[in-house]
Amino acid sequence: VSSQPLTPEQIELCEKLKAEVAPTVNQHAHLKVFCNGHTYVRYLRARSWNLHKATKMLNETLKWRLEYKPHLIRWDEVKGEAKTGKH
């Protein structure tokens, strides 16, 4: 992971990615928490700063999060698996 500051072009790509997913993110409080500045950088880096590919990847993640609701998982529900590593 690079500790170099983002270039102006990379900052612009982050803003564009944020705008691309805003219609979905802005409808769900838990997605607003998930999608922060670090999220956009992470997804863009994962796709070599390709906006189209990062948008597709992040939209798929948001779709998954809406379907499976990981934000609703509580420790009491999973602590058994955490101890054993089994599911």
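Helix H5 (75-84) is hardly covered, for the count of buried residues among its ten residues is zero. Buried here means under 20% relative accessible area, exposed means over 50%, and partly exposed is in between (1.4 Å probe, protein chains only). Helices are DSSP runs of H or I with at least four residues, numbered from the N terminus. Just after H5, Gly85 takes a positive phi of about 80°.

A word on the model itself. It is predicted, with local features needing pLDDT of at least 70 and side-chain atom pairs counting only at pLDDT 80 or more, while totals for chains, interfaces and linings use all residues. Residues are numbered from 1 along each chain as its sequence is written, and side-chain values use heavy atoms, with hydrogens and water left out.

**How the helices pack**

Two packed helices are described by the angle between their axes and the distance between the axes. Axes are lines fitted to C-alpha atoms, for helices over the stretch in contact, and angles run from 0 to 180 degrees between N-to-C directions. Angles under 35 degrees count as roughly parallel, over 145 as roughly antiparallel, 65 to 115 as roughly perpendicular and the rest as oblique.

| Helix pair | Axis distance | Angle |
|---|---|---|
| H1 and H3 | within 9 Å | roughly 105° |
| H1 and H4 | 10 Å | about 30° |
| H3 and H4 | within 8 Å | roughly 120° |

Let us start with H1 and H4, whose axes pack at about 30°. That makes H1 roughly parallel to H4, and their crossing is right-handed. A crossing is left-handed if the near helix is turned anticlockwise from the far one by less than a right angle, and right-handed if clockwise. On the H1 side, the contact (heavy atoms within 4.5 Å) includes Leu13, Leu17 and Val21, and on the H4 side it includes Leu51, Ala54 and Leu58.

H1 and H3 are roughly perpendicular to each other. Here Leu13, Cys14, Leu17, Lys18 and Val21 of H1 touch Tyr40, Val41, Tyr43 and Leu44 of H3.

H3 and H4, in turn, are oblique to each other, and they too have a right-handed crossing. From H3, the residues Thr39, Tyr40, Tyr43, Leu44 and Ala46 take part, meeting Leu51, Ala54, Met57, Leu58 and Thr61 of H4.

**Some residues to look for**

Thr61 lies in helix H4 and counts as buried, at 19% relative accessibility. Leaving aside neighbours within four places in sequence, Thr61 is in contact with Phe34 and Tyr43.

Ala19, by contrast, belongs to helix H1 (residues 8-25) and is exposed, with a relative accessible area of 53%. From C-alpha to C-alpha, Ala19 and Thr55 are 9.9 Å apart in space, although 36 residues separate them in sequence.

Where can you find positive phi values in residues other than glycine? One is at Trp49, with phi near 65°. Trp49 is in the loop between helix H3 (37-46) and helix H4 (51-68). Lys69, also not a glycine, has a positive phi of about 55°. Its place is in the loop between H4 and H5, and at 38% relative accessibility Lys69 counts as partly exposed.

Notes:
Helix = DSSP H or I, 4+ residues; strand = E, 2+ residues; numbered from the N terminus.
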